[in-house]
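Good morning, and thank you for coming. Please look at the model on the screen, and we shall go through its side-chain contacts together.

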Amino acid sequence: MHPTIISKQQHGFLSRRCTETNLLECLNDWTLALHDRKSVMALYIDFAKAFDTVSHNKLCHKLLSYSIDGNLYSLLENFLAERLQCTRVGNSCSTKISLRSGVIQGSCLGPLLFVLYVNDIVQLFDGLCVCKLYADDLKLY
């Protein structure tokens, strides 16, 4: 059996993981702490424009570090490559510019790629506190 790539602390965009499972795990931890007469402090972080700031180069590096290679890696790399963006107001469009960062939020792959991009953030706090992720939201307690 292969180890799970995505951290068990991530609850966003995954089957059988959602805001409710995130909340229930926290509630259970906090209830046990209060039962043991311990205090709980929580820090909530919402990363601004998180999906738009994903570096394509760093994401590709992380994909390789997760042993995602070969045809699948090439497909994902091509999915990110040579993306263009313009702004439309009414019938007028701005000049197209090349994108070097960001995952496509309306796509099926965008959320999964984002989750893989932030997946290792929980390792920064390993043993210091409990981390829970939901997409671009991080809860520490």
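Let me begin with the rings. The structure holds four aromatic pairs; rings of Phe, Tyr and Trp (its six-membered ring) pair if their centres lie within 6.5 Å, and planes under 30 degrees apart count as stacked, over 60 as edge-to-face and the rest as tilted. W30 and Y141 form an edge-to-face pair, because their ring centres are 5.3 Å apart and their planes stand at 80°. This pair links distant parts of the chain, with W30 in helix α1 and Y141 in the segment after β7 (137–140), 111 residues apart. Helices (H or I, at least four residues) and strands (E, at least two) are DSSP runs, numbered from the N terminus. Both W30 and Y141 are buried; buried means under 20% relative accessible area, exposed over 50%, and partly exposed in between, with a 1.4 Å probe and protein chains only. Elsewhere, ring pairs join F13, F51, F114 and Y134 into a cluster.

A word on the source. This is a predicted model, in which local features need pLDDT of at least 70 and side-chain atom pairs count only at pLDDT 80 or more, while totals for chains, interfaces and linings use all residues. Residues are numbered from 1 along each chain as its sequence is written, and side-chain values use heavy atoms, with hydrogens and water left out.

Now to the charges. Side chains of opposite charge can pair when their charged atoms come close. How many salt bridges does the structure hold? There are three, where a salt bridge is a side-chain nitrogen of Lys or Arg within 4 Å of a carboxyl oxygen of Asp or Glu.

R17 forms a salt bridge with E25, and their closest N and O atoms are 3.3 Å apart. R17 is partly exposed at 22% relative accessibility, and E25 is partly exposed at 26%. E25 also meets K132 in a salt bridge, at 2.5 Å from N to O. K132 lies in strand β6 (residues 131–134) and E25 in helix α1 (residues 19–35), so this pair ties together parts that are 107 residues apart in sequence. K132 counts as buried, at 9% relative accessibility.

The side chains of D120 and K62 form another salt bridge, at 2.8 Å from N to O. Here D120 sits in the loop between α4 and β6 and K62 in helix α2, 58 residues apart. D120 is partly exposed, with a relative accessible area of 29%, whereas K62 is buried, at 17%. Through shared partners, salt bridges join R17, E25 and K132 into one network.

K62 has a further contact: its charged end sits over the ring of Y117, 5.0 Å from the centre. A charge sits over a ring if NZ of Lys or CZ of Arg is within 6 Å of the ring centre and within 35 degrees of the ring normal. Likewise, R83 lies over the face of F79, at 4.7 Å from the ring centre.

F79 brings us to helix α3. Which residues of α3 (residues 70–80) are buried? They are Y73, L76, F79 and L80. These residues lie on the same side of α3 because they cover an arc of only 125° around the axis, the arc being that of the directions from the helix axis to the C-beta atoms. They pack against α2 (56–65), β2 (83–85) and α4 (109–118), with contact meaning heavy atoms within 4.5 Å. The face turned away from that buried side carries the exposed residues N71 and N78. Just after α3, E82 takes a positive phi of about 55°.

Thank you for your attention.
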